[in-house]
Amino acid sequence: LFVRRVQHLLLGNDELQCFVALCLGVGVMAGKYTREMNEAKPSDSDGQTVEFRIAKLNQVWEKAKRMQLSPVRLAELHSDLKIQEKDEMQWKKLKAEGFDENGEKEAQLRRNFNVILAKYGMDGKRDTRPLESNSLKDHDTKEGDAFDDPRLDKLWNKAKSSGKFSNEELLSLKREFQHHKDKIHEYNILMDTISRTEEIHKNVISPLEGDAKEHVLHQKHTELKQKMKDLNQGFERLRKLSHEGFTEDSEFREPRVIELWEAAKRANLSKDELDSLKEELHHFETKVEKHTHYQEQLELSHQKLQHVEALGDKEHIKRNQEKYNTLSEKTRDMGYKMKKHLQDLSNKISRQGLQHNEL
């Protein structure tokens, strides 16, 4: 009734119509302005524009740009740092509200940060993992491909020579092996981080501080055990896949999605919950594939830019640099959204599984 009365008042009153239109226009502009302000990049104490709202993350980013990282790897680092930034900002808010009194979440964030440093070779140690471990190289199925693990190498060579897989299936299988190799690398980083923490723990004098660190170490050992369990389950799946081949009813293609689906099936969820999760995982898999496509385009764009730079045509360089910068920004953004979605899905599966086990 109120809306009809307003409409009636507006009819034939041009000045009032103009006034309402102007108000609506200002509202839309204000919304757009607020959104742009929220998306604007942060500034440091000197007013200089920076990538992140946390100083140590900017230091890592600036150092990484000086290193010889590939464009794809640099974009991956950016996504990891954005996730770290989000988690740390959330933790600061919780801390201000009186949560995390025992420092469990803070210790986990510190460990996550150390994992990022080690993953990209910025922890002061020599990283034995090749810089190019990306699935973009999957089409290069050369003889003697190695996964730096005797069990994986043996399984891979056996699968390649079995004749059970088409070329496309071999590429999918190689992605799964590469994913497992990355998980082993992450496990080794975590184990190394815990070893160093234990060394510090031994030198603690204060008994109160010692008790706090004992709790943190217990949490880390629990996480380590879970990762080892995941690795064993992952290897068992690879072994089965290598011997039996892909089945017609395989739900997913991407290793990360398959891993989540396997975890969901083990979590004692109801049929409705599994069906709902399956649909969400299909959406997530599309996101992962889209991100992989952008990574490939970024790599090609970088190669083209290098070629054009060698020729020295300034106009061509400018055009290709702009295209490369746009692709780089898009790949970083998609990488962050994909990793955040992965994080949310992992938490959701863990939470639902825990609830069912408690019941």
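Which residues are linked with E76 in a network of salt bridges? The network joins E76, D80, K119 and K339, where a salt bridge is a side-chain nitrogen of Lys or Arg within 4 Å of a carboxyl oxygen of Asp or Glu. This is a predicted model, in which local features need pLDDT of at least 70 and side-chain atom pairs count only at pLDDT 80 or more, while totals for chains, interfaces and linings use all residues. Residues are numbered from 1 along each chain as its sequence is written, and side-chain values use heavy atoms, with hydrogens and water left out.

Helices here are DSSP runs (H or I, at least four residues), numbered from the N terminus. Both K339 and E76 are buried, that is, under 20% relative accessible area with a 1.4 Å probe and protein chains only; exposed means over 50%, and partly exposed lies in between.

Another salt bridge pairs E251 with K278, at 3.3 Å between the closest N and O atoms. E251 sits in the loop between α8 (207-244) and α9 (255-266), and K278 in helix α10 (residues 271-311), 27 residues apart. E251 counts as partly exposed at 31% relative accessibility, and K278 is likewise partly exposed at 23%.

E262 and K265 also form a salt bridge, with their closest N and O atoms 3.5 Å apart. Because these two residues are three apart in helix α9, about one helical turn separates them.
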